[in-house]
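I opened this structure for the first time today. My notes follow the order in which I looked things up.

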Amino acid sequence: MIENTSSIDRVAGAILIAGLLFVLTPLAFVVITATQSYEDFLRNNFSLIPGSHFFENFREVWSRTDLPRQTLNSIIVGGIVAAGRVALAVTTSYAVVFFTGRGRGFVYALVVASIMLPLELMIITAYQVTANVALPLNVIANLGGWWGAVFGGALDLQWNLLDTYAGISIPLMAQGSCTMILVQFFRTIPPQLARAAIVDGVGPLRFLWDILLPLSKGPITALGIYMFISVWIQYMWPLVAASSPARTMAVVGLTRLQEDGERIPDFPLQMTGAILVTLPPLILIALFQRRIVRGLTLSEK
């Protein structure tokens with residue numbers, strides 16, 4: 001007996017269409033508003049009819065604002081953080097899965113537990129340490145006053161990383177979800193492969209570089225792109241860590257596109273800036289779509 005699923009198909013189709021409209025309607029408003037001039041917007045408010053001023057707005061955003069530079073900052077910081085997160089995840093996952101030791105389970109539990117402690121919860125401490133990377137060393141050296149007793153004064157080293165690429169990037173690199181995902185993938189690799197490599201005289205670093213990483217290209221690429229996008233949309237820490245326009249990231253710069261409170265905001269200009277800020281992640285996803293899908297299935301077939 002063949003089951004009639006036409007009603008289920010219709011309901012599923014209706015749900016998909018509703019979801020599509022829910023996602024695309026705000027995007028349509030953004031694109032249409034970006035094609036309006038400021039004068040047309042003041043006269044007609046939000047309109048459903050596209051205008052003809054998109055390229056004028058785009059030229060104004062490109063030439064009169066800091067968004068192009070801030071977009072480049074986001075690309076640089078996103079690349080640094082994504083590479084750092086993936087590198088930490090690969091080495092940690094490799095140690096957890098392929099090495100034996102009493103403490104590896106405890107270390108893995110601590111790494112996974114860090115997922116529940118986002119940077120926003122520790123932003124004050126992160127800011128203090130970034131403002132002076134030597135602060136922990138100063139605190140340890142001055143405990144009990146022994147440093148002053150020996151050297152005649154308290155240790156007061158200063159190393160400020162605020163408003164630098166390193167100061168923005170390094171605190172964002174601690175991400176336990178990468179390690180958790182790669183551990184699950186590495187556990188799908190037969191342990192006999194590692195034992196055979198040991199028999200053939202392959203060392204741990206060579207096994208990681210020549211065997212494990214080529215087998216993990218799909219998941220690592222997908223993780224790298226996902227981490228890049230997650231950094232791209234960061235707002236709180238880049239807002240705190242970067243004070244100058246030369247180091248401000250794109251999402252923060254977009255909120256500062258117009259801070260003149262004496263007139264109605266130039267929404268067409270802001271929507272054009274939003275499109276500019278959205279383009280790099282979209283291009284990245286379009287270029288690596290197959291890698292992303294392959295990585296999400298945790299397979300390199």
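I began with a helix pair: helix 1 passes helix 16 in a left-handed crossing. Left-handed means the near helix is turned anticlockwise from the far one by less than a right angle. Helices here are DSSP runs (H or I, at least four residues), numbered from the N terminus. This is a predicted model, where local features need pLDDT of at least 70, side-chain atom pairs count only at pLDDT 80 or more, and totals for chains, interfaces and linings use all residues. Residues are numbered from 1 along each chain as its sequence is written, and side-chain values use heavy atoms, without hydrogens and water.

I looked up the geometry next. Helix 1 (residues 6-34) packs on helix 16 at about 120°, with the axes 7 Å apart. That makes the pair oblique. In contact (heavy atoms within 4.5 Å), V30, V31, T33 and A34 of helix 1 meet F267, P268, M271, T272 and I275 of helix 16.

Then I turned to the largest nonpolar core, which has 29 residues. Such a core joins buried Ala, Val, Leu, Ile, Met, Phe, Trp, Tyr and Cys residues through side-chain atoms within 4.5 Å. V90, F207 and L212 touch the most other members. Helix 4 gives the most, with 6 residues.

Last, I checked S216, in the loop between helix 12 and helix 13.

Definitions and conventions. Buried < 20%, exposed > 50% of the residue type's maximum accessible area, 1.4 Å probe, protein only. Helix = DSSP H or I, 4+ residues; strand = E, 2+ residues; numbered from the N terminus. Axes fitted to C-alpha atoms, helices over the stretch in contact; angles between N-to-C directions. Parallel < 35°, antiparallel > 145°, perpendicular 65-115°, else oblique.
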